[in-house]
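Here are my notes on the model you sent over. Have it open while you read, and start with the confidence point before the rest.

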Amino acid sequence: MTPVPATGPGSPVLDIRGLSVAYGTGDDAVQAIDAIDLTLHRGEVLGLAGESGSGKSTLAYGATRLLPPPGVITGGQVLYHPSSGGSMDLLTMSDRQLRAFRWQETSIVFQGAMNSLNPVSRISEQLTDVIRAHRPATGAQEQRARAADLLRLVGIADDRLDSYPHQLSGGMRQRVMIAMALALDPDVVIMDEPTTALDVVMQRQILARLRDLRDRFDFAVVFITHDLSLLVEFSDRIAIMYGGRLVEDAAAHELYRSPRHPYTHGLLNSFPALRGERRELTGIPGSPPDLKALPSGCVLHPRCAHAMQLCTRHRPKLTTPAGDEASGRHVACWLHHPQAATPEHLARTAPPAAARFDHRAPTLQSGR
Ligand code: ATP
Ligand code: SF4
């Protein structure tokens, strides 16, 4: 594999190691995400997918320490610029360090953010507020010029600078939020359902603009959406979550072309094909797990048509399947575990009678 530079293009910018988050404490605690490992690289768009409640937002907010109560980080590290000598763990930063860090290094566009603009304040004031708070030495004229630049960057004419939010369309307000997120040239931008309330044409326009900006400024994006077709189209890499665990991460086109994890198969089969022949949408039988009573072993096993005895007892770790070393794919499934997925091993752990293969289930590709 080509060695990754410490701070240049393609270098790791955020390294999430074993991140766990619970909501509440004691007997009422719910483990919303459990021991997540994920690396974000400079200039990449990483899409997060999974059914509702799988932990996508918790992962994004936990990694940036923006969890609302009763969310509690129960373990892990989040290293910023992990390969450089001055790497910092966000989870051990003081509140003061975090305040400086946010917006400047990492910014976030929340779900429904366009409705969080202050209705009685002009767009110019809201943009310059962010600049002034972090760069107090910047003069008023320079702040206004930067605000106008930012609006132009997201495709809004600067004669809108003195508009109030209600004078802009929903798409424009959302673009203002993206402009705000880019105000201080962050290295990482987190976008939680950034275009959900907009029509499909506007969604694509905004995401195409975002991708252009990423190409120019080389920031990394964590992009969360329920729309898997948008995710495949605009992400470089996709991470799939299920029951608070990461089950697969791979380059977007590879994940779409040849998903490995049965849950990824199911998720892709719940959406119409992006191109090519029409196919039957089979979906995923059953419901997402109750986080208070998670199944033993692999959390998917009650819904998985390929479950074996091994799956009901032992949790599969995220590993690189044989043959996927060069692509950097990771999968948490015994079918693809480099040690477990041998014919002899699978024969020893034959599926229990109750978990026969579903004839509708997609064909698994267990290698090349
Ligand atoms: P969605 O796609 O619906 O936004 P998600 O994949 O982002 O879902 P999260 O919002 O991260 O999932 O939620 C993960 C789990 O944590 C869910 O089971 C949810 O019920 C639980 N959870 C989230 N917020 C809270 C909270 N404030 N208190 C208790 N549990 C919560
Ligand atoms: Fe299915 Fe077993 Fe793989 Fe889990 S580990 S996804 S139950 S085959």
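**Notes on the predicted model**

1. One helix to look at to begin with: H5 (residues 170-182) lies across E6 and strand E7 (188-192), running at about 170° to E6. Angles go from 0 to 180 degrees between N-to-C directions, with axes fitted to C-alpha atoms, for helices over the stretch in contact. Helices (H or I, at least four residues) and strands (E, at least two) are DSSP runs, numbered from the N terminus.

2. Housekeeping: this is a predicted model, so local features need pLDDT of at least 70 and side-chain atom pairs count only at pLDDT 80 or more, while totals for chains, interfaces and linings use all residues. Residues are numbered from 1 along each chain as its sequence is written, and side-chain values use heavy atoms, leaving out hydrogens and water.

3. On confidence, the mean pLDDT (the predictor's confidence in each residue, from 0 to 100) is 85, and 86% of residues reach 70 or more. Residues 1-5 fall below 50, and that stretch has seven contacts beyond near neighbours in sequence; a contact means heavy atoms within 4.5 Å. Residues 348-368 are also below 50, with 36 such contacts in the model.

4. The sheet is open, with seven strands in the order E6-E7-E8-E3-E9-E10-E11 and mixed pairing. Strands E6 (106-109) and E11 (330-331) are at the edges with a single partner strand each, so one side of each has no neighbour in the sheet. Two strands pair if DSSP finds at least two bridges between them; E3 (residues 45-49) and E9 (residues 237-242) pair in the parallel sense over four. Leu48 sits opposite Ala239 in E9.

5. Salt bridges come to 20, taking a side-chain nitrogen of Lys or Arg within 4 Å of a carboxyl oxygen of Asp or Glu. Glu44 and Arg237 make one of them (2.8 Å, N to O). This pair links distant parts of the chain, 193 residues apart: Glu44 is in the loop between strand E2 (30-41) and E3, and Arg237 is in strand E9. Both are buried, meaning under 20% relative accessible area, with exposed over 50% and partly exposed in between (1.4 Å probe, protein chains only).

6. Arg329 and Glu248 form another, with the closest N and O atoms 2.5 Å apart. Arg329 is in the loop between helix H10 (309-313) and E11, and Glu248 is in strand E10 (residues 245-251), 81 residues apart. Arg329 is buried at 0%, and Glu248 is buried at 0% too. Salt bridges that share partners join Glu248, Glu254, Arg260, Asp324 and Arg329 into one network.

How values were computed: Chains are lettered from A and ligands numbered from 1 in the order in which they are written.
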